[in-house]
Amino acid sequence: MGQKRWFLLLAIFSCLLPFSCGRVLKLKSDDDRPVYNHTHAITLVEYASAVYESDLTKLFMWTCERCNGFTKGFEVIEIIFDVEHCLQAYVGVAKNLNAIIIAFRGTQEHSIQNWVSDLFWKQLDLNYPDMPDAMVHHGFYSAYHNTTVRPAVLDAIGRAKKSYGANINIIVTGHSMGGAMASFCGLDLVNEGEENVQVMTFGQPRVGNAAFASYYSLLVPNTFRITHDRDIVPHLPPYYFHFPQKTYHHFPTEVWVREFSFSNFVLFGLEKVCDNTGEDPTCSRSVRGTSISDHLRYFGVALNCETWRQCSIVMNQDMEKYSKKDSKGNLLLSRTVPPTDVNKTSTLSRTGISGP
């Protein structure tokens with residue numbers, strides 16, 4: 001029986017292999033939209049995972065367990081730890097991508113179930129500046145704009161560009177609430193005059209209404225929202241079909257990752273690039289979003305803290321020379337960026353990753 005079972009698994013896998021090996025998937029569009037790249041996605045999910053590291057010494061030195069794989073060699077420039085609002089983010093340079101990476105941590109609440117339940121009742125309660133009829137979620141907007149996060153991120157980007165060149169790419173990522181913050185950051189950077197901005201989020205909730213989604217897709221077209229199977233969070237706050245202008249609405253482009261398994265053995269994940277509406281009924285909206293476990297793991301990578309606890313960090317005394325605290329206890333760890341020859345760096349194309 002054992003041999004027959006494995007033979008059957010191998011046969012199924014062989015039949016499905018052609019569908020799972022197409023790793024660079026093009027959008028079904030005639031316009032000049034960005035192209036989804038699988039390798040780029042699994043690289044960024046590792047960056048989104050690393051920001052959950054609570055040992056800031058290991059994170060700053062990029063020696064944590066999650067600071068490996070496709071992200072090896074990354075140089076952290078700034079870590080932002082906003083203790084007042086329990087937020088964490090980092091900014092650094094990935095030389096192999098010729099890109100500044102900005103990563104935002106998801107919710108660090110004691111109970112993620114309580115946070116998810118709270119999202120069911122969140123209302124559109126803020127007009128986005130200079131966007132007529134565009135409304136957004138006040139909490140997500142404020143987490144980026146009205147805390148220590150935004151000025152620290154902009155300062156770190158400025159220092160990185162002085163060293164690595166004004167035309168270096170900027171990639172913003174995050175998971176869960178961190179994905180919501182990443183989207184506001186990407187839009188903010190474009191409004192600040194940045195041109196080479198890419199956003200890729202994982203398990204991101206809705207952040208605004210249809211008007212906001214339309215503005216966002218025009219200003220930050222190089223955006224991909226990765227959703228995992230039945231992850232509950234991308235379904236929140238709820239979308240009400242009969243009130244499209246008054247309800248939350250995702251912006252494009254969604255990439256829906258579904259796992260196919262046999263007898264508890266995961267065979268592969270199939271990635272579907274969805275349409276340009278942001279609310280493709282054939283993607284994650286085609287299933288009920290009921291899974292928290294699907295929310296906490298993307299491409300096999302854990303996207304949560306090792307232990308759920310109240311907002312806290314670990315840091316050794318050697319970090320004091322890099323650290324600065326304000327009167328509220330909010331912490332910045334900053335590194336001086338050395339000059340470099342920008343002509344020797346590789347480039348990041350609109351289709352994903354390209355070599356030197």
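Predicted model: local features only at pLDDT ≥ 70, side-chain atom pairs only at ≥ 80, totals over all residues.

At what angle do the axes of helix α5 and helix α6 cross? I found roughly 45°, with the axes of α5 (residues 138-145) and α6 (residues 149-164) coming within 6 Å. Axes here are lines fitted to C-alpha atoms, for helices over the stretch in contact, with angles from 0 to 180 degrees between N-to-C directions. So α5 is oblique to α6 (under 35 degrees is roughly parallel, over 145 roughly antiparallel, 65 to 115 roughly perpendicular, the rest oblique). Helices are DSSP runs of H or I, at least four residues, and strands are runs of E, at least two, numbered from the N terminus.

Residues are numbered from 1 along each chain as its sequence is written, and side-chain values use heavy atoms, without hydrogens or water.

Next, I listed the contact (heavy atoms within 4.5 Å). A143, Y144 and H145 in α5 meet V149, R150 and L154 in α6.

Then I looked at the cores (buried Ala, Val, Leu, Ile, Met, Phe, Trp, Tyr and Cys residues joined through side-chain atoms within 4.5 Å). The largest has 54 residues, and I102, F104 and F212 have the most contacts inside it. Helix α7 (residues 177-191) gives the largest share of this core, 8 residues. Apart from it lies another core of 40 residues, including Y47 and M200.

Last, I checked Q317, in the loop between β14 (301-302) and β15 (323-325). Q317 is exposed, at 67% relative accessible area (buried is under 20%, exposed over 50%, partly exposed in between; 1.4 Å probe, protein chains only). Q317 and T57 are 260 residues apart in sequence but 9.2 Å apart in space, C-alpha to C-alpha.
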